Amino acid sequence: MDNPTYIISASNINISETRLNSHTSIRRALRESINPLFSQSQAIKKLKAQYKTQDKRFTCPRCGDIVNTLDLAHIGEGAYTIIDRIMLENPTDVYEELANKVYLYHINNVRFAVVCRNCNHQVGDTQK
Ligand SMILES: [Zn+2]
């Protein structure tokens with residue numbers, strides 16, 4: 001098949017076994033599902049809107065830089081730290097059970113900051 005240079009077949013992309021194993025997949029899925037739950041909420045949108053500039057960028061409330069987006073940063077313990085601990089403590093849980101525990105843990109323990117990418121790395125732990 002003759003493709004233009006900007007098209008690649010998925011079969012030509014090597015994906016490591018580690019990324020495909022179920023522990024890694026579940027861990028990643030939990031991480032990717034928890035953030036939008038909070039970041040797409042009205043409360044967070046409202047919080048971010050306070051820092052919108054006239055040209056639709058944002059002023060980081062922590063460092064004052066003008067940026068295109070504000071992150072939703074975990075203060076202290078990061079999302080993967082929380083997810084790894086819950087997965088370790090509940091080794092027989094299926095995805096839905098883990099997702100519920102991760103969600104409840106956030107509701108009961110987590111504080112977020114809306115800050116720029118640089119500040120995100122400073123307010124949270126650095127584990128990704
Ligand atoms: Zn900042």
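Colleague: Is the crossing of α2 and α4 left-handed or right-handed?
Modeller: α2 passes α4 in a right-handed crossing (near helix turned clockwise from the far one by less than a right angle; anticlockwise is left-handed). This is a predicted model: local features need pLDDT of at least 70, side-chain atom pairs count only at pLDDT 80 or more, and totals for chains, interfaces and linings use all residues. Residues are numbered from 1 along each chain as its sequence is written.

Colleague: At what angle do helix α2 and helix α4 pack?
Modeller: Axes are lines fitted to C-alpha atoms, for helices over the stretch in contact, with angles from 0 to 180 degrees between N-to-C directions. Helix α2 (residues 22–39) and helix α4 (residues 79–89) pack at about 130 degrees, their axes 10 Å apart.

Colleague: Which residues make the contact?
Modeller: Contact means C-beta atoms, placed from the backbone, within 7 Å. α2 gives Arg27, Leu30, Arg31, Ile34 and Asn35; α4 gives Ala79, Tyr80, Ile83 and Met87. Of the residues in this contact of α2 with α4, six are nonpolar, one is polar and two are charged (nonpolar: Ala, Val, Leu, Ile, Met, Phe, Trp, Tyr, Cys, Pro; charged: Asp, Glu, Lys, Arg; polar: the others, Gly among them).

Colleague: What pattern does the protein chain follow along the sequence?
Modeller: The pattern is α-α-α-β-β-β-α-α-β-α. That is six helices and four strands (DSSP runs numbered from the N terminus: H or I, at least four residues; E, at least two).

Colleague: What does the C-alpha trace of the protein chain span along its principal axes?
Modeller: The trace spans about 50 × 45 × 25 Å.

Conventions
Two residues are in contact if their C-beta atoms, placed from the backbone, lie within 7 Å.
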